[in-house]
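Hi everyone, thanks for coming. Let me put my protein on the screen, and then I'll walk you through a couple of its features.

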Amino acid sequence: MGSITTTLLDLPTELQLYIIQFLDYPSSVALLQTNRRFRTIVPIEPPTTGEQKLSYLLAMELWPKYTHLFSCNICLKLRARNAFADKQLRARRGKGHIESGRRFCLDCGCCHRMYQPGHFLMVGGQEEVLCAICRERCRYGRYCTYCRMCEPLFSPDELEGRCARCRHKDLVKDLGKPPGEFQIEDMLMAMKMSEFEDINGFIGSPEWFEEDIAHGNF
Ligand SMILES: [Zn+2]
Ligand SMILES: [Zn+2]
Ligand SMILES: [Zn+2]
């Protein structure tokens with residue numbers, strides 16, 4: 001005796017509609033997107049309110065094709081893991097857990113001042129901190145925990161590792177060097193190369209230079 005597989009598509013419309021009414025909102029929207037016919041028979045609109053969008057995202061992030069993405073309840077987007085502080089992806093804020101709908105991304109956290117300068121966060125297993133002056137998230141170089149600002153890469157030698165602003169030494173934290181990027185030796189070599197290019201006329205004409213400066217590209 002051969003088996004007969006019946007899918008939702010094989011059923012009469014009344015039965016389809018009967019089954020569809022038991023679907024939650026995200027599943028209905030997903031179904032709507034799989035098949036043109038369903039779009040005509042399923043009485044549902046795509047998500048418009050914030051609440052609908054979030055409930056849709058919270059369901060979507062559980063689907064196998066979105067394992068690498070996580071929802072943010074503020075910008076209402078699915079974003080990659082590195083757009084969030086590690087804490088937002090774990091425990092109660094983990095996918096499918098009780099507070100997953102309260103997860104927010106780093107950009108939204110900074111924008112809404114939930115992350116303040118001086119707060120150290122773990123992102124992808126690495127420490128980072130927001131700078132009060134340039135408002136960047138600092139992952140490398142030195143950071144003064146008193147001034148809550150990043151330090152210029154080359155602070156003068158006579159400061160002996162002190163903060164150029166407050167002169168504290170003990171409160172300066174070294175966040176480490178960027179991986180595989182930018183060494184002082186490379187910088188010195190680049191400076192030598194530019195001198196060489198200047199002498200040998202490889203640098204663009206003065207007009208080019210002026211125009212660039214006029215456009216703020218310097
Ligand atoms: Zn966000
Ligand atoms: Zn800064
Ligand atoms: Zn300082």
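Okay, start with one pair: arginine 142 sits opposite aspartate 174, which is in strand 8. Strands here are DSSP runs of E, at least two residues, and helices are runs of H or I, at least four residues, each numbered from the N terminus.

Before I go on, this is a predicted model, where local features need pLDDT of at least 70, side-chain atom pairs count only at pLDDT 80 or more, and totals for chains, interfaces and linings use all residues. Residues are numbered from 1 along each chain as its sequence is written, chains are lettered from A and ligands numbered from 1 in the order in which they are written, and side-chain values use heavy atoms, leaving out hydrogens and water.

Back to the strands. Strand 6 (residues 142-144) runs antiparallel to strand 8, with three bridges joining them; strands count as paired if DSSP finds at least two bridges between them. Three strands make an open antiparallel sheet, ordered 7-6-8. Strand 7 (149-150) and strand 8 (172-174) are at the edges with a single partner strand each, so one side of each has no neighbour in the sheet.

Now, which residues have the most contacts inside the largest nonpolar core? They're Cys72, Phe84, Ala85, Cys105, Leu106, Tyr115 and Leu121, in a core of 15 residues. Such a core is a set of buried Ala, Val, Leu, Ile, Met, Phe, Trp, Tyr and Cys residues joined through side-chain atoms within 4.5 Å; buried means under 20% relative accessible area, with a 1.4 Å probe and protein chains only. Helix 5 gives this core its largest share, three residues.

Technical notes: Buried means under 20% relative accessible area, exposed over 50%, partly exposed in between (1.4 Å probe, protein chains only).
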